[in-house]
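Here is a short briefing on a structure, meant to be read with the sequence and the 3D view open. Keep both at hand while going through the points.

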Amino acid sequence: MLRERVAELVSVASGGDLAVPDILAADCTLPALGVTSLTYIRLIDAIEDEFGVDLDLVTDPGAIDTLDGLVTYIAGHTDRTRT
Amino acid sequence: MSGWKRAVAVPFTGQRDGEGPMTWGQRHIWRLTEWLDDGDPYFNMAWTLAVPGRPGLDRVLGALRALLERHESLRTTWEGRTQRITRSGTLTVDLYEAGDRRPLALAKELAEELAAKGFRYDSELPMRCALVLADGQPRAAAFAFTHMAVDAWSLDVIASEWRPLIAGEQLSAPACQPLDLTGLERDCDRELRYWRSHLERVPQRLVDREIEPEEPRYVRIGMESAAAGVAARAIARRCSVSTTSVLGTACATVMADALGRRTAVMQWIVANRHQERTRSMVGTMTQDGLFVLDLPDAPDQGFPAAVRAGHRQALAAYRHACYDPYAMRALRDDCERARGGPIDLSAYFNDGRIVADWPNLPDGDLTELAAKTRTFFVGAWPHVDGTVFFATGQATHTCQLYLLVDTAHLPRETAYAMLAGVEQLLIKNAVKEP
């Protein structure tokens with residue numbers, strides 16, 4: 001499942017500080033959960049490497065704020081790539 | 001009486017020697033040194049460490065040996081865009097007796113002396129060291145490094161290893177050395193695309209007016225404001241961003257306002273250490289990131305929204321700050337040709353705090369704290385590569401913020417007003433709801 005996989009990437013990017021179940025259950029933004037700038041940089045690199053999508057932090061600001069935002073962005077852009 | 005006693009040799013033998021192209025971080029500094037005369041010490045870093053406990057001279061010399069053996073950057077020379085690591089060699093360490101001087105104070109003076117002379121990049125070890133003794137016991141170490149070998153992050157790495165190495169602990173090897181990076185630094189197309197997208201549209205001019213400059217022309221002032229720290233922390237918490245993003249956005253906002261701009265264009269100094277493998281590496285990785293922020297029409301309107309946007313811009317700047325500086329120069333030349341003139345990127349922001357978020361800030365009312373804010377003159381220089389340069393200090397009990405300005409464009413009183421403006425903007429937005 002994409003959502004679980006992205007949560008795993010968030011956890012890895014945080015150096016294990018954030019646990020996958022907590023990320024999946026969070027009812028708040030990723031920064032509010034404790035995703036730091038450093039974690040974001042690693043996370044975006046990991047997402048781009050794994051899914052081949054280009055995350056534009058500036059023109060798609062909502063995409064990186066929440067787990068579901070990331071999942072929606074990745075799903076939308078990988079679909080577009082395939083079609 | 002204090003004074004020189006004798007020199008001792010510290011022989012070292014590392015795991016390997018080697019040769020390869022300079023890393024991008026090394027090229028970044030190298031490119032800057034090419035503008036300087038041979039022997040210019042501008043990119044030297046003076047630094048000191050206290051010697052903990054009473055370990056004896058042999059243990060301290062052993063720690064120095066271990067540093068040289070662990071970190072290839074400390075036994076590297078450079079020539080013609082090539083880095084060359086020597087496996088073995090000898091570091092000569094001068095010993096001084098502190099006498100009636102405080103050892104660390106004497107070490108600071110010695111470090112400045114060691115750093116006052118340029119390094120011979122092609123033949124000299126990139127590190128010089130002297131030890132200060134009191135009653136025959138080493139108490140402080142004075143260092144000079146070339147910035148080709150270390151950056152501020154590296155100094156923190158060395159500081160963290162110093163005590164355990166003196167204690168004789170065996171540390172695991174660093175995950176990466178600069179020579180290993182060259183195999184990874186192949187392509188920076190993504191970074192160049194990011195910079196091009198901005199360089200094609202950012203305002204070309206940073207400043208419009210010229211005024212009679214001071215002599216020396218470049219003036220640095222400072223501010224110590226616990227109120228700014230408390231306020232920045234409150235805003236960071238509310239906006240779920242870092243205090244770096246808050247402070248950087250405040251500086252960008254105030255600068256743009258002082259210059260009559262609605263887009264702030266700055267280069268942010270980026271450590272480039274987000275990859276796990278580079279976090280324990282001694283080397284130079286710092287490069288410039290490009291931060292571009294469109295601001296609301298009035299500087300004190302919508303600051304929290306600007307902070308959130310600034311945070312995203314900062315992330316974008318961080319992600320695109322590792323590149324081949326020569327390729328970047330070619331890109332800038334290309335963009336400047338296409339736009340018919342230079343693009344002024346001489347505004348900078350450097351948050352070099354090693355400890356984040358000022359953990360020792362006092363409690364108290366912001367107005368009362370602000371009454372204790374002080375501003376001061378730091379120094380003046382005839383030439384600096386920067387028109388506006390904001391930088392943080394390392395204090396953990398107050399927000400130390402420095403500002404260097406080119407007085408040919410911004411008078412000194414405007415610089416003071418800008419620092420005060422940063423403080424006021426933060427305080428105002430810390431106490432009101434977004």
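The points below go from the model itself to domains, chain contacts and strands.

This is a predicted model, in which local features need pLDDT of at least 70, side-chain atom pairs count only at pLDDT 80 or more, and totals for chains, interfaces and linings use all residues. Residues are numbered from 1 along each chain as its sequence is written, while chains are lettered from A and ligands numbered from 1 in the order in which they are written.

**Confidence**
- The model has an ipTM of 0.77 and a pTM of 0.89.
- Chain B averages a pLDDT of 94, with 98% of its residues at 70 or more. pLDDT is the predictor's confidence in each residue, from 0 to 100.

**Domains of chain B**
- Chain B splits into domain 1 (3-181) and domain 2 (189-431). These bounds come from an automatic or database domain assignment.
- Taken over C-alpha atoms, the centres of domain 1 and domain 2 of chain B are 30 Å apart.
- Contacts link 27 residues of domain 1 of chain B with 20 residues of domain 2 of chain B. Two residues are in contact if their C-beta atoms, placed from the backbone, lie within 7 Å.
- On the side of domain 1 of chain B that touches domain 2 of chain B, α1 (24-33) and α4 (152-166) of chain B each supply at least two residues. Helices (H or I, at least four residues) and strands (E, at least two) are DSSP runs, numbered from the N terminus.
- The largest share of that side, 7 residues, comes from α1(B).
- By class, that side of domain 1 of chain B has 14 nonpolar, 9 polar and 4 charged residues. Ala, Val, Leu, Ile, Met, Phe, Trp, Tyr, Cys and Pro count as nonpolar, Asp, Glu, Lys and Arg as charged, and the others, Gly among them, as polar.

**Chain A against chain B**
- Here 13 residues of chain A are in contact with 11 residues of chain B.
- On the side of chain A that touches chain B, α3 (30-33) and α4 (37-51) of chain A each give at least two residues.
- α4(A) makes the largest share of that side, 6 residues.
- That side of chain A divides into 9 nonpolar, 3 polar and 1 charged residues.

**The five-stranded sheet of chain B**
- An open sheet of 5 strands runs in the order β1-β6-β7-β8-β3 (chain B), with mixed pairing. Two strands pair if DSSP finds at least two bridges between them.
- Its edge strands are β1 (3-13) and β3 (44-50) of chain B, each pairing on one side only.
- From one strand to the next, the twist averages 25°. Axes are lines fitted to C-alpha atoms, for helices over the stretch in contact, and angles run from 0 to 180 degrees between N-to-C directions.
- β1(B) and β6 (residues 88-97) of chain B run antiparallel and share 10 bridges. One of the partner pairs is Pro11(B) with Thr90(B) in β6(B).

**Strand β15 of chain B**
- Of the 8 residues of β15 (residues 399-406) of chain B, 6 are buried, so the strand is largely enclosed by the rest of the structure. A residue is buried if 20 or more other C-beta atoms lie within 10 Å of its own, C-beta atoms being placed from the backbone.
- β9 (residues 218-225) of chain B pairs with β15(B) in the antiparallel sense over 8 bridges. Gly222(B) has Tyr402(B) as its bridge partner in β15(B).
- β14 (residues 388-392) of chain B also pairs with β15(B) in the antiparallel sense, over 5 bridges. Phe389(B) stands opposite Leu404(B) in β15(B).
- A hairpin of 6 residues joins β14(B) to β15(B).

How values were computed:
Buried ≥ 20, exposed ≤ 12 C-beta atoms within 10 Å, placed from the backbone.
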